[in-house]
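Visitor: I would like to learn how to read a structure like this one. Please show me the general idea first and then the case at hand.

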Amino acid sequence: MPEWGGGRTTLEMIVQELQRPVAFDETFERRVMVRVRRLHAERRSRGWVAIASRITHRPGWAAALAASVVAVVTLGLMRSRPDSARQGGAPLEPVQFVLVAPEAHSVAVVGDFNDWGLNDSALVATNHEGVWSVTAPVPAGVHRYAFLVNGKQWVADPSAPRATDDDFGMPSSALVVEDSTR
Amino acid sequence: MNRSARAVSALILAAVAFAPAHAQDPRLGNPLDAPSRVAINALIDSARAQGIPTEPLIQKMNQGVAMGVDGPRIVAAVRTLTREMATAHRALGTVATADEIQAAASAVHAGVPAVELGKIKKQSGLRRSLTLPFTVLADIVSRGVPVEAGVNAIRSLVGAGAKDTDINTFQRNVSGDIEKGAPPAAAAETRAKAVPTKPDSAKPEQL
C-alpha cells in the first residue's frame with residue numbers, strides 16, 4: 001500500500017498537473033464552435049449517446065473527470081485511514097517493561113504498540129542478573145501486550161492489569177499510557 | 001498525447017495504485033487464510049459503520065497471528081470483541097473515547113454489565129478518563145472480585161476523585177492481597193477505602 005505521506009505527494013503532483021495552463025492555438029475557438037454546432041445537430045437527431053462519443057478530447061470534460069477521480073481517491077483514502085494513523089499522532093511516552101526471569105535466555109515485549117511484531121529489535125529486553133527490562137516509547141492510549149520468553153513462551157506482566165480477553169489461551173496484560181501533555 | 005490526456009492517464013494510474021489500499025487494511029495479516037481475512041475485513045467494515053473503533057480489532061487479529069492461532073479462532077475472537085465494543089459503545093454514549101470503549105469492552109468481557117459502566121461514566125463527567133478505571137475493574141473481576149464489589153469499589157474511587165496513579169496502586173494492592181490468600185471482595189472493599197480522595201473533584205459534571 002502506498003504510504004499516507006506518499007499518497008499525498010502523488011495527489012499534489014496530479015493537482016499541479018491539472019493546474020498548469022493549457023495553451024490553445026488561434027483556431028481553437030473556431031474549431032470549438034464548429035463542433036458545438038455539429039453536436040447540437042446530432043443531439044437533435046441521435047440523442048445523448050452521440051454526445052458521449054464526442055467528449056473524449058475536451059479539456060473541460062477531462063478536468064471534470066480528473067476532479068472526480070481525485071475526489072473519489074481522496075475520499076476513499078480518508079475513509080479507509082486506519083485508526084493507527086490517528087494513534088500514530090498520539091504522543092509517545094517512555095514505558096519501562098520489566099520481567100524477572102532468571103532462567104530465560106531471551107525476553108521480548110510484543111503488543112499493540114508494535115503490531116504484535118515478533119521481530120522488533122527495539123523491544124528486546126536486556127538481562128541484568130535475571131531482571132529483564134526494556135524502555136520503549138509507546139503511544140498514549142490503551143494497549144495489550146505480553147512478554148515472549150525464549151521466543152516461544154507467552155508470559156503476562158505480573159505487575160500490570162490482566163487483559164481479560166485472552167481468547168487465544170495465552171496470557172497478556174493491559175497497559176494504559178497517559179498523555180503527559182494533557 | 002495532449003495535456004488533458006496525460007492528466008487523465010496519471011489519474012487513472014493513481015486510482016489503480018490507490019484502489020487496493022482502501023479496499024482493505026494492509027495489516028490484515030498475510031499469514032491468515034483467505035476466508036478468515038475476508039471475515040475479519042467484513043467485521044471491521046461493520047464496526048466502522050457503527051462508529052466503533054477498529055484499531056483494537058486489527059490488533060486482536062495481529063495478536064492471534066503472533067501467537068500462532070488458527071484463522072477461525074481469530075475470527076471468533078475478533079467477532080466477540082466487535083460485539084463487546086458495540087455493547088460498551090451503546091452504554092457509554094457518544095462522549096466516550098475510543099480508549100474508554102476498548103477498556104469498557106474488556107470489563108464487559110470479564111462479566112461487568114454494560115449498564116453499570118454507563119452509570120460510572122455518567123457519574124464521572126466528561127473530563128475524567130475512565131480508561132484505567134475500566135481496565136482495573138476488568139482485572140479485579142477476573143481475579144475473583146465479585147462484580148458488585150468491583151463496581152462499587154471503582155465507582156467510589158472515581159466518585160472521590162482518585163487519580164490514575166491511585167487506581168493503579170489500588171489494583172496492585174488488591175491483586176497482591178488476593179495472591180496472599182485474601183478473599184477477593186474483602187480485598188477490594190478494604191483497599192478502596194485506603195485511596196486518598198479529593199471531595200472537591202467528586203462532583204459529577206453534566207453530560
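Visitor: Read along the sequence, what pattern does chain B follow?

Guide: Helices (H or I, at least four residues) and strands (E, at least two) are DSSP runs, numbered from the N terminus. Chain B reads α-α-α-α-α-α-α-α-α-α along its sequence. That comes to ten helices and zero strands.

Visitor: What should I know about the model and its numbering?

Guide: This is a predicted model, in which local features need pLDDT of at least 70 and side-chain atom pairs count only at pLDDT 80 or more, while totals for chains, interfaces and linings use all residues. Residues are numbered from 1 along each chain as its sequence is written, chains are lettered from A and ligands numbered from 1 in the order in which they are written, and side-chain values use heavy atoms, with hydrogens and water left out.

Visitor: What share of the residues in chain B is buried?

Guide: Buried means under 20% relative accessible area, exposed over 50%, and partly exposed in between (1.4 Å probe, protein chains only). Of the 207 residues in chain B, 52% are buried. Contact means heavy atoms within 4.5 Å. Among contacts in chain B between residues at least 6 apart in sequence, 67% join residues at least 24 apart.

Visitor: Is Ala105(B) buried or exposed?

Guide: Ala105(B) is found in helix 5 (residues 98-110) of chain B. Its relative accessibility is 1%, so Ala105(B) counts as buried. Leaving aside residues up to four places away in sequence, Ala105(B) touches Leu81(B), Glu84(B), Met85(B) and Ala88(B). Ala105(B) and Ala138(B) are 33 residues apart in sequence, and their C-alpha atoms are 8.9 Å apart in space.

Visitor: What covers the buried residues of helix 8 of chain B?

Guide: The cover includes helix 6, helix 7 (131-142), helix 9 (164-179) and helix 10 (184-194) of chain B. The buried residues of helix 8 of chain B include Val151(B), Ile154(B) and Leu157(B). The 13 residues of helix 8 of chain B should span 18 Å, which agrees with the 18 Å between its end C-alpha atoms. Just after helix 8 of chain B, Gly161(B) has a positive phi of about 80°.

Visitor: At what angle do helix 6 and helix 8 of chain B pack?

Guide: Axes are lines fitted to C-alpha atoms, for helices over the stretch in contact, and angles run from 0 to 180 degrees between N-to-C directions. Helix 6 (residues 114-124) and helix 8 (residues 147-159) of chain B pack at about 10°, with their axes 10 Å apart. Angles under 35 degrees count as roughly parallel, over 145 as roughly antiparallel, 65 to 115 as roughly perpendicular and the rest as oblique. Helix 6 and helix 8 of chain B are therefore roughly parallel to each other. Where they meet, helix 6 of chain B brings Glu116(B), Lys119(B), Ile120(B), Gln123(B) and Ser124(B), and helix 8 of chain B brings Val151(B), Ile154(B), Arg155(B), Val158(B) and Gly159(B).

Visitor: In what order do the three strands of the open sheet in chain A lie?

Guide: Strands of a sheet pair through backbone hydrogen bonds, either parallel or antiparallel. Two strands pair if DSSP finds at least two bridges between them. In chain A the order is 1-4-3, with antiparallel pairing. Strand 1 and strand 3 (126-128) of chain A are the edge strands, each pairing on one side only. Nine bridges join strand 1 of chain A to strand 4 (residues 131-139) of chain A. In strand 4 of chain A, Val134(A) is the bridge partner of Phe97(A), and Pro139(A) is that of Leu92(A).

Visitor: Which residues form the covered face of strand 1 of chain A?

Guide: They are Glu93(A), Val95(A), Phe97(A) and Leu99(A). At 11% relative accessibility, Glu93(A) counts as buried.

Technical notes. Expected span 1.5 Å × (residues − 1).
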